[in-house]
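Here is a briefing on the structure shown below.

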Amino acid sequence: MKSVNNLEEIRKIIGLHKKWDLIFMITGIVALMIAVLTFMALFAHMLIDGMPRLSWEFFTSFPSRRPESAGILSAWVGTTLVMLVTAFAAVPLGIGSGVYLEEYAPKNLLTEIIEINVTNLAGVPSIIYGLLALGLFVYQLGFGQSILAAGLALALLILPVVIVATREAIRSIPVSIREGAYALGATKWQTVSDHLLPYSSAGILTGIIIGLARAIGETAPIITIGALTFIAFLPPSPVKSEFPYLSIEWLTAPFTVMPIQMFNWVSRPEEAFQLNAAAAGLVLVVMTLAMNGLAIYLRYRMRKNIKW
Amino acid sequence: MAEESRTKITHAGKLGYSFRRHMHERFIETFLFLSALLSIAIMLAIIVMLVKESLVFFQHVSIWQFVTDTQWTPLFDDAHYGIMPLVSGTIVSSLIALLVALPLGTIIAIYLSEFAPFTVREMAKPFLELLGGVPTVVYGYFALLFVTPLLQIIFPELPGFNLLSAGLVMGIMIIPYVSSMTEDAMRAVPMNLREGSYAMGATRFQTAIRVVMPAAFSGIAAAYILGISRAVGETMVVAIAAGMQPNLTWNPMEPAATITAYIVQVSLGDLPHGSIGYQTIFAAGLTLLLITLLFNIIGHVLRKRYREIY
């Protein structure tokens, strides 16, 4: 090793290292700015192109061959109904699975396999879920190219998100809460349902919202199922005027969703349709940003309020 | 006196073994267990479905032809079934995306974890999360109608559909995944390691590069692997911006299809169930699953091998 006993030389080395420190810091800020600016450009581009198309009629008209009278009515109704199915399937199963893995599961090989498997599922490309739904739901189980098949496909896709959120929320509750409940004679399920689930509800809700926000924007699995892009009618209403008031006819109806409508408009050569795509994209981005924002806010509140 | 002892007995009965209560607990536990088992069922269903349809496909087409043929034209009269054009498109677009996402994601993570003041971090993290929440079809729109025209100013001969702009946008899209996981891994490194390094006179940059990053290696590797499987499995950006024409090329300036884009293209048409065209998308899907699975296994091995325990 070179010995450095000259004070000047040491100062020079320190100065050099400090310079590198500064250079890297600037690089970091620049990298962050690239991400920020790209997002700004994306949003601004869509805003400029899409804003003039956004009107009440845009939300209340069906898609059309004439771009200036086309709207997203069937798309947003379809998205809402598909999300209903997704939430209905993914929430109980995801929470149940998370509770089992965190509270009930014995430490054995099966549990380990399930845990590794949940991680693996989160890494499977979304289009693969579409192929699964195409083979299993559409043909094997005979659901057809329906809202039910699409909702279930997206439910499988966001299941890992809900499971992981549930587990993390429950894990952060201290053991003393469980011990207190058991000491008062509560059974395991009473402990879970009266204490653990209520205390972790904000965390679980955050996970559900993030999962659903992802499902709203997913296009690939729904295209794979074979959803139609030109739907100029609404699925049958889930609420009826006569007994039993609720109908499940809409589950088997053909449908389209927001991202598919947008994809359809993007891939047309006419520029007027691309303006429609910008407007639909704007609605879609605002929807997902609002949901993600809500989740971030919930998490922030939670972190501030809960101190065990 | 007799009455008092009777109430005692009923109380004891309530506290003792209750068949109904026991059954109730059992029933709930079974439901929870079944919902946990569902994840294994999904994985098995994916594998069974892909393998089953692919087996039918490989009765028509030999695996040798599938791997070596240089054309992919399953829907033409003169049908060729070589997966290479789709794989090359996937590799080129993923490589461009990773060249953007891995360096930028890592730099952002180091900056946020080691350099940034508290307020910057508190603002940047939610923002990056929002960036990761933007639907992929919107990124596709952005690549086709904003980035491609921009690139055409620099490279006038660039076609309207090309792998370059799809890859660049995909890279930007993956940054949040890489940066947030890398940052989590770096922040999990105990403070006393940093303090030791600072006490020796190291700067923040030296500490980050020589102390924190090696200590967080297994987490960073996991973040990179996640980024890679995102890039390989990404569908809408390439389907919109790279065109859907299978093309055996390594040139990012050309239009080409990826495995995922091909599946989208076939699904948009009206292929009858059970036809060879229908089976090709399952064979393509199986190839995709195997590629992502391979990366998952590599990630798992890296994590196991280089895990540092404090």
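Helices here are DSSP runs of at least four residues, marked H or I. By that rule, residues 147–166 of chain A are 100% helix and 0% strand. The model is predicted. Chain A has eleven helices and zero strands, and chain B has 13 helices and zero strands.

**Chain A: overall shape**
- From the N terminus on, the elements of chain A run α-α-α-α-α-α-α-α-α-α-α.
- The radius of gyration of chain A is 25 Å, whereas a compact globule of 308 residues would have one near 19 Å.
- Along the principal axes, the C-alpha atoms of chain A fill a box of roughly 90 × 65 × 35 Å.
- Buried residues make up 44% of the 308 in chain A.
- Take the contacts in chain A between residues at least 6 apart in sequence: 76% of them join residues at least 24 apart.

**Chain A: annotated spans**
- An unreviewed UniProt entry places the feature "transmembrane region" at residues 21–48, 73–101, 121–141, 147–166, 219–236 and 278–298 of chain A.
- One of these spans, residues 73–101 of chain A, is 100% helix and 0% strand. Its end C-alpha atoms are 41 Å apart.
- For residues 147–166 of chain A, the end C-alpha atoms are 27 Å apart.

**Chain B: overall shape**
- Chain B reads α-α-α-α-α-α-α-α-α-α-α-α-α from the N terminus on.
- A compact globule of 310 residues would have a radius of gyration near 19 Å, but the value for chain B is 27 Å.
- The box filled by the C-alpha atoms of chain B is roughly 100 × 65 × 35 Å along the principal axes.
- Of the 310 residues in chain B, 46% are buried.
- Among chain B contacts between residues at least 6 apart in sequence, 73% link residues at least 24 apart.

**Chain B: annotated spans**
- For chain B, the UniProt annotation "transmembrane region" comes from an unreviewed entry and covers residues 30–51, 91–112, 133–155, 161–178, 207–226 and 276–298.
- Residues 91–112 of chain B are 100% helix and 0% strand, with end C-alpha atoms 30 Å apart.
- Residues 276–298 of chain B are also 100% helix and 0% strand. Here the end C-alpha atoms are 33 Å apart.

**Chain B: H7 against H10**
- Helix H7 (residues 163–187) and helix H10 (residues 217–233) of chain B have axes that come within 8 Å and cross at roughly 160°.
- Angles over 145 degrees count as roughly antiparallel, so H7(B) and H10(B) are roughly antiparallel to each other.
- The crossing of H7(B) and H10(B) is right-handed.
- On the H7(B) side, the contact residues include B:Met170, B:Ile174, B:Tyr177 and B:Met181. On the H10(B) side, they include B:Gly219, B:Ala223, B:Leu226 and B:Arg230.

**Chain B: H12 against H13**
- Helix H12 (residues 259–268) and helix H13 (residues 276–306) of chain B pack at an angle of about 155°, with axes 9 Å apart.
- H12(B) and H13(B) are therefore roughly antiparallel to each other.
- H12(B) and H13(B) make a left-handed crossing.
- H12(B) contributes contact residues including B:Ile259, B:Tyr262, B:Ile263 and B:Val266. Among those from H13(B) are B:Gly277, B:Ile281, B:Ala284 and B:Leu288.

Note on methods. Residues are numbered from 1 along each chain as its sequence is written. Chains are lettered from A and ligands numbered from 1 in the order in which they are written. This is a predicted model: local features need pLDDT of at least 70, side-chain atom pairs count only at pLDDT 80 or more; totals for chains, interfaces and linings use all residues. UniProt positions are given in the numbering used here, feature names are shortened, and annotations may be inferred rather than shown by experiment. Helices (H or I, at least four residues) and strands (E, at least two) are DSSP runs, numbered from the N terminus. The radius of gyration is taken over C-alpha atoms; the globule rule is 2.2 Å times the number of residues to the power 0.38. A residue is buried if 20 or more other C-beta atoms lie within 10 Å of its own, exposed if 12 or fewer, and partly exposed in between; C-beta atoms are placed from the backbone. Two residues are in contact if their C-beta atoms, placed from the backbone, lie within 7 Å. Axes are lines fitted to C-alpha atoms, for helices over the stretch in contact, and angles run from 0 to 180 degrees between N-to-C directions. Angles under 35 degrees count as roughly parallel, over 145 as roughly antiparallel, 65 to 115 as roughly perpendicular and the rest as oblique. A crossing is left-handed if the near helix is turned anticlockwise from the far one by less than a right angle, and right-handed if clockwise.
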